[in-house]
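I record here, entry by entry, what I looked up in this structure.

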Amino acid sequence: IGKEKFHKSQHWGYCNNVAMLVGEDKPGIGGEPLPGQKLKPKYSVFPEGIGSDAPAWVAFDKQVLSFDAYFEEEVPDKNQELYRIRHCKIYFYLEDDTIQVIEPQVKNSGISQGTIVRRHRIPLPPPHEDQFYTIDHFNINIEVILYARRYKIIDCDQFTKNFLRKMGVRLNPPAGRPDDPYTKERQKILDSMKPLRPYERIDTLKQFLEHNGHILRFFCMWDDPESMFHDPRELVLRYYLSDDTIDIKEIIPVNSGRDVVPLFLRRDKLPKYAPTGLYQPGTITSRTVLNVFGKLVGNRSRYILDNRKTGAVHQEFYRDSDLKIGAVINVWGRKIMLCDCDEFTKEYYRTKYGIEDFTPVSYKAPPPPKPEKTFPPYTGFGSEEDSLCSCMGLLPKPPQKDFKKFMEKDRSGMESNILRFLAKLVTDSPIDTDRKFIISYFLSDDTISVFEHIQRNTGILGGKFLERGRIKKPGQELFKSEPSEYFKAQNLFVGARVCFHGHNFLLVDADEYTFNYMEKHANEFSVADVGVILKKLKDIAESRSREVRQVFAASDPEHTKVIEYDPFRNLIVSITDGAFSEHEIMTLGRYYSVKDEYEMDLHFLLSVAQEQLKKNSFENFEQLSAVLTYNDREKCGVLPHEMCRTICKSFKLPVADDDLQALLTMFEDDHKQVEYKKFVDGLNWRENQIPAFQTIKVPLKNEDDWSGQPPSLPVKGIKYLPLLDDLFGKEE
């Protein structure tokens, strides 16, 4: 009555394919023990509620209790010893209550040592052989019986002591460690014995292990007196700290006429007073012996080790303490001076000997002046660069092009990297006065091409005027050794006069891309750098600032604070007395111009953008929307203008940058934040296609076929007050 568990244990099973009773330790119905059955604990009993609830194999992983113990072993077959004391280690593994007994190996013990009891759970001695050893059975200064062998535990390590204390075990005081009487007696005999053979231990292992690979390097000089010209010879001395040996290598200059040898002195210990003559073989040894009997007892002789080294030949070798900068050492009769050393050597002497002065000794003569390499003049065959490569080596190689510049400045998308200028001929011929030319400068390889604008009924055939290529500056000698100077991008600007193969051109205008590119790279083009232009203008007009203000005010009688470009240009020319080029005046006018404010048709912009996306087969709208949504951390549906532009650029959206900026501006809210969902939906030509406008299709033309018809004026109106404030400061 009151029972809730009625499960029955499985007592029968198979062992080695034999049916037998395998459940002797299993309980009866409902987990209750059978009559007369004692249930033994499976593992050590630990206090409940203390520690973590993790299983033992997790909580006590790699945690082992270590006990020092010994046991006595009888020796019945020897008179010298009746018993043996054998020391061992008992390891108790907390994760599964297994025990291992290991005996440390003793040199020349004559008995097999190592693992005495392999790791497993050990049962208690009879009559409790059905139970196993647990942590409760271990303490200091007690005895345990493992398989009929009695072990005396004398001590344990600190971790074991701390663990037992935490388990509530009161530790006994450590017991003494007895010595084996026979081993003790044997050690006394060994200590009193002297070797019958001459033997002396010379231990160099410690020095080798501490300084293996450590080398002191000195730069030396040897003035060879036997050479014909008494020229100094440079040497490198290396001192090996692992075994106090030295080797020397000679630095042989190029074209010195000397044979190249691997080493000047092979690696060995270097004696201080060498050469001292030849010694007989066996004279110099690390050990000396004495013949005790001599020739008194027949032909027999008895040798013992000479501890006092009587008659030994002592040689002094160079050590690290003998080497220092400025010292002269004897290398088998050659006087070599140590002049300098490397950083490792300096740090070694600074640490070990406290030396701080490492002033090098000057031993190298100043190198002769290197003759300047001259090249023969240009022969006229091929290009100058190609002819120069034939003089650089025996095997001519083609001249290398600036591939990095080509990759950076080549046409990429909407960036053509071509500067176009409108030019006319500087001539007195009335026929050539009205001819218009397009000069294109290619930034990728610094080449120039010239096209003439086709005009009807002029009698002049237009088209290609000059083939694309690099153009030399005029006034240079043809056959010379120095490379010629070519026209660069900085030499072309509005108002510049250039001469291409005898034709003088005046650059009168440029396209919008050229102006934008030069202003964007103002550090390369000084004529488009507003800061440089303002500084130049300030230096000229600062002394007459009041007069300049009055002139500008007089040109604006209606006080609109805006003047036209032509009066502005005339004023700048009169103030600077013609010191400014047309390009510099245009840069000032563009910088301070009145920006046109107009509204672009959103429908037209979207149709143009969708047409470009459709032509380039761009359909990755879902991923674009996902990236924009991911960057919207606050999930408010808007993102900054610049962030949206950057993400669109990362997707390589085939839309011109100006159109992209205008589109993003169209989708901005009152806080200048772009509503990116509407923006992506507007670009999605698959789902929200906008019909294209009916426009007149212009046939494709060559990029160099620019008609060169710019607007009549670079800008319409110029705000002159900000210009005056930047020049002379705000008027009080």
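**Entry 1: Glu-72.** I find Glu-72 exposed, because its relative accessible area is 55%. I use "buried" for under 20% relative accessible area, "exposed" for over 50% and "partly exposed" for values in between, with a 1.4 Å probe and protein chains only. Glu-72 belongs to strand β3, residues 64-74. Helices (H or I, at least four residues) and strands (E, at least two) are DSSP runs, numbered from the N terminus. Setting aside neighbours within four places in sequence, I list Arg-84 and Ile-85 as contacts of Glu-72; contact means heavy atoms within 4.5 Å. I also looked up Asp-180, which is 108 residues from Glu-72 along the chain, with 9.3 Å between their C-alpha atoms.

**Entry 2: basis of the model.** I note that this is a predicted model, in which local features need pLDDT of at least 70 and side-chain atom pairs count only at pLDDT 80 or more, while totals for chains, interfaces and linings use all residues. Residues are numbered from 1 along each chain as its sequence is written, and side-chain values use heavy atoms, with hydrogens and water left out.

**Entry 3: Phe-552.** I place Phe-552 in helix α11, residues 545-554. Phe-552 counts as buried because its relative accessible area is 1%. Beyond neighbours within four places in sequence, its contacts include Ile-563, Phe-568, Leu-571 and Ile-572. Tyr-720, Leu-723 and Leu-724 are also among the contacts of Phe-552. I then checked Lys-424: it is 128 residues from Phe-552 in sequence, and their C-alpha atoms are 32 Å apart.

**Entry 4: α10 with α12.** I compared helix α10 (residues 530-541) with helix α12 (residues 565-576); their axes come within 9 Å and cross at roughly 60°. Axes are lines fitted to C-alpha atoms, for helices over the stretch in contact, and angles run from 0 to 180 degrees between N-to-C directions. The two helices are therefore oblique to each other. Angles under 35 degrees count as roughly parallel, over 145 as roughly antiparallel, 65 to 115 as roughly perpendicular and the rest as oblique. On the α10 side I list Leu-537, Ile-540 and Ala-541, and on the α12 side Ile-572, Ile-575 and Thr-576. Five of these residues are nonpolar, one is polar and none is charged. Here Ala, Val, Leu, Ile, Met, Phe, Trp, Tyr, Cys and Pro count as nonpolar, Asp, Glu, Lys and Arg as charged, and the others, Gly among them, as polar.

**Entry 5: α10 with α13.** The axes of α10 and α13 come within 10 Å and cross at roughly 110°, which means that α10 is roughly perpendicular to α13. I find Val-530, Ile-533, Leu-534, Lys-536 and Leu-537 of α10 meeting Glu-584, Thr-587, Leu-588 and Tyr-591 of α13. This contact has six nonpolar residues, one polar and two charged.

**Entry 6: Ser-581.** I locate Ser-581 in the loop between α12 and α13 (582-591). Ser-581 counts as buried because its relative accessibility is 16%. Not counting residues up to four places away in sequence, Ser-581 touches Phe-493, Val-494 and Val-527.

**Entry 7: the whole protein.** I record 19 helices and 26 strands. Buried residues make up 33% of the 732 residues. The C-alpha trace spans about 140 × 115 × 65 Å along its principal axes.
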